[in-house]
2 protein chains.
Amino acid sequence: MASSPVSKLLRAPTDGFALSGVDAGGTPGVKSKKTARAETEAIAEPLFGLQERLYAERERSVLIVLQGMDTSGKDGAVKRAVGSLNPAGVRITAFKAPTDAEKRLGFLGRIRRELPGPGEIAVFNRSHYEDVGIVRVHGWASPAVIERRYADINRFEEEVAKSGTTIIKCFLHISFEEQRERLLARLDDPAKHWKFNPKDLDERALWSDYMAAYEIAIDRCNTDRAPWYVVPADHKWYRDWALTNLLRETMDRLDPQYPKPRLNLRALRKRLGETA
Amino acid sequence: MASSPVSKLLRAPTDGFALSGVDAGGTPGVKSKKTARAETEAIAEPLFGLQERLYAERERSVLIVLQGMDTSGKDGAVKRAVGSLNPAGVRITAFKAPTDAEKRLGFLGRIRRELPGPGEIAVFNRSHYEDVGIVRVHGWASPAVIERRYADINRFEEEVAKSGTTIIKCFLHISFEEQRERLLARLDDPAKHWKFNPKDLDERALWSDYMAAYEIAIDRCNTDRAPWYVVPADHKWYRDWALTNLLRETMDRLDPQYPKPRLNLRALRKRLGETA
């Protein structure tokens, strides 16, 4: 376990956030891969128990928002950090480019539909932050529209949080160099070619624009009710460790409890005996 | 691995099915708990690989329908047999009593909305079979309406199968005596009280009516495109072994393949090198 809560170590500062200040290869809170893997594994069981209580309680919920450049490990994070939970209480949504029907709902419309229900843990693989990310980078919306969206997002997330959903927003931060390695690795492995879209290289060429867009989004939409965490993600083992810890710390704070229905145990046992 | 495919061992016969002929405590295909647990665990890795290919292929899908009496282990089956898959490609729906809005969709309407998308594995925890199960037992629909539903279900499942979804319907078969033990165990454990609904005992009192309703449903809706498997479920380890094997055999038959996009590897590598 980290000596300082991971949610503290990785929380983006609210007084002027600069992405350049975060080392994508850093491993704050844990020193070695071996320790991190062991700690990640050790968290699986208590996390499973916490999730069961959240599910049983059926009141509150958790929403994990994952953002990051291609190959930053959003899919891997889902597999590793969420893979050990009970799938019955998990709801994962990967947001792609919006369809025409989705566009008509407004940029938050399709997001709203996938929010977690009571007792659920939802994971968004990409999210409404694409609408101030890729959209900003390519100028697909006017500056005035994008400007309004930050306020819309803050209002939306505030409302979601108030309704009982704890929001954890994670930016998986990889370096330009690490992305190159990962893209090259995909090219080297025929089983990974399906993940490779040559157009991803066009987006890669806009790297600094993306970093700027994320920096602004994280700076503008980083509230205590819907905080941003910047997760150094060059090391996959660190990413998994950080996400698992963030979820664990959140669940510990929520401290969900099994409902205690009033059951007449004696009468019920008697009735069960009689039906034998 | 079982010497005979599990899908053969557990398939409900199509020439007059009788539930009374199935021993809920049986373990066809595997002798000991130890062997079963080891085999179940050994399947996890190849299954994960098969799922990744199904997901990558994004053409076909799998739908697992779970039915069974209270405590028959539907939730446990989700946790164990599906828990080791990549959650990003899994979609689990627990169908409760239909809401008024759902009722207006017709009994198949809400089912349709939760069908798996291309590449997905969906699990229905209860399903449209409730509409010929509990509904039949309680007489909530007229005999004529229920009669029509069997044909509607067959048509619906045929259509789903034709669209590329392989359907695996499992009846988790527990004995009356085993249900008593499991209900008593819930009463003994305060952490399980939330799962206990005193009304479940009213349903238990209708046990033979339920068995009759399931027998008819399995008999009437047991096609090669949407077959029923009757899984002896008094032993949890057998239930997990059987479901994992059924899924594995299905995925083996589908034999999904990674897409092979035409990539100009040399040009892409060069471009990646240049952007360094």
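This report covers the sheets, the packed helices and the cysteines of a predicted model.

## Basis

Residues are numbered from 1 along each chain as its sequence is written, and chains are lettered from A and ligands numbered from 1 in the order in which they are written. In this predicted model, local features need pLDDT of at least 70, side-chain atom pairs count only at pLDDT 80 or more, and totals for chains, interfaces and linings use all residues, while side-chain values use heavy atoms, with hydrogens and water left out.

## The sheet of chain A

Chain A has an open sheet of 5 strands with parallel pairing, in the order E2-E3-E1-E4-E5. Strands (E, at least two residues) and helices (H or I, at least four residues) are DSSP runs, numbered from the N terminus. Two strands pair if DSSP finds at least two bridges between them. Strand E2 (90–94) and strand E5 (228–232) of chain A form the edges, each pairing on one side only. From one strand to the next, the twist averages 20 degrees. Angles run from 0 to 180 degrees between N-to-C directions, and axes are lines fitted to C-alpha atoms, for helices over the stretch in contact.

Strand E1 (residues 61–68) and strand E4 (residues 165–173) of chain A run parallel, joined by 8 bridges. Here A:Val62 has A:Thr166 in E4(A) as its bridge partner. Helix H3 (residues 74–82) of chain A packs on the sheet and touches E1, E2, strand E3 (121–125) and E4 of chain A. Contact means heavy atoms within 4.5 Å. The direction of H3 makes about 150 degrees with that of E1(A). Helix H11 (residues 236–254) of chain A also packs on the sheet, touching E1, E3, E4 and E5 of chain A. Its direction makes about 165 degrees with that of E4(A).

## The sheet of chain B

In chain B, an open sheet of 5 strands has the order E2-E3-E1-E4-E5, with parallel pairing. Strands E2 (90–94) and E5 (228–232) of chain B each have a single partner strand, so one side of each lacks a neighbour in the sheet.

E2(B) pairs with strand E3 (residues 121–125) of chain B in the parallel sense, over 5 bridges. B:Val90 stands opposite B:Ile121 in E3(B).

## Cysteines

The structure holds 0 disulfides over all chains. A disulfide is a pair of cysteine sulfur atoms within 2.5 Å. For A:Cys221, the nearest cysteine sulfur is that of A:Cys170, 15 Å away. A:Cys221 counts as buried because its relative accessibility is 0%. Buried means under 20% relative accessible area, exposed over 50%, partly exposed in between (1.4 Å probe, protein chains only).
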